[in-house]
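Open the model in your viewer and keep the selection tool at hand. The stops below say what to select next and what is there.

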Amino acid sequence: MRSISSALCIGGYEVLYIVSVRERGVRCDDLTAARDRIYAAYLYFSSYCRSAYYQDDAALIDRHQIAACLTYAVLVAEPLMVDSALATEKSYYANERLAFTLACSTMVSFLVQYHSDRIHAGIADHDEYQKIGAARNKLLQEGIAVPKTVPNEDSYPMTLYRCFRFTAAEGSFNLLSLASLYYLLENATVGKQLYGEMRSYYSFVAEEV
């Protein structure tokens, strides 16, 4: 039993993910092939998103749509093989968990990049640098927040995993709906103010260039 890792480069950002095969009933025989299947499925979904929703094959999609495309890509690629006879409830949803983890990692990567860009731009005073650094470190340590559920009920992620399982089984992929859900989760993590700050900052950078 071992842990195996690989990376996907999506939208210019490297997203590192770790696949654990220490769980009972779960294995991945060929990580390279699994990674390639995920990436091929991601390209399909992102291309569909551009052509179907924007009618523009060159359109840029945002981080929430990228996260949605990655989620569905993992569900379709099924990189982890699960033996339902041996798997626990947790390991039974190994692919769904990987899909959600990769999506959250993608959003965190974009947000952390924004904080890093501001730090390297050299336009903030010392106190602001401290705040930016603290916000970046918190994201890296805590990730995307998820709602709490009442005792004796499934956790929010487990509910999502079951939804993902039915989504894949039925082939009912709705990228914009899932992207909206990811927007809400991210918004609950960082707050609305950050969106205005990011838009203003990158607009300013674009004008300077």
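Helices (H or I, at least four residues) and strands (E, at least two) are DSSP runs, numbered from the N terminus. The expected span of a helix is 1.5 Å times one less than its number of residues. This is a predicted model, in which local features need pLDDT of at least 70 and side-chain atom pairs count only at pLDDT 80 or more, while totals for chains, interfaces and linings use all residues. Residues are numbered from 1 along each chain as its sequence is written, and side-chain values use heavy atoms, with hydrogens and water left out.

**Stop 1: helix α5**

Select residues 126-142, which make up helix α5. Its 17 residues reach 24 Å from first C-alpha to last, close to the 24 Å expected at 1.5 Å a residue.

Now color Ile132, Gly133 and Leu139, the buried residues of α5. Buried means under 20% relative accessible area, exposed over 50%, and partly exposed in between (1.4 Å probe, protein chains only). Gly143 follows α5 and has a positive phi, near 70°.

**Stop 2: the core**

A nonpolar core is a set of buried Ala, Val, Leu, Ile, Met, Phe, Trp, Tyr and Cys residues joined through side-chain atoms within 4.5 Å. The largest one here has 49 residues; select Tyr42, Cys69, Phe100, Phe164, Leu175 and Tyr182, those with the most contacts inside it. Elements giving two or more residues to this core include α1 (31-54), α2 (63-77) and α4 (94-121). Of the contributors, α4 gives the most, with 13 residues.

**Stop 3: salt bridges**

The structure holds six salt bridges, each a side-chain nitrogen of Lys or Arg within 4 Å of a carboxyl oxygen of Asp or Glu.

Select Arg63 and Glu186, whose closest N and O atoms are 2.8 Å apart. This pair links helix α2 to helix α7, across 123 residues. Are these two buried or exposed? Arg63 is buried at 13% relative accessible area, and Glu186 is buried at 0%.

Next, select Glu96 and Arg165, which meet at 2.6 Å, N to O. Glu96 lies in helix α4 and Arg165 in helix α6, so the pair ties together parts 69 residues apart in sequence.

Finish at Arg162 and Asp154, with closest N and O atoms 2.1 Å apart. Salt bridges that share partners join Glu89, Asp154 and Arg162 into one network.
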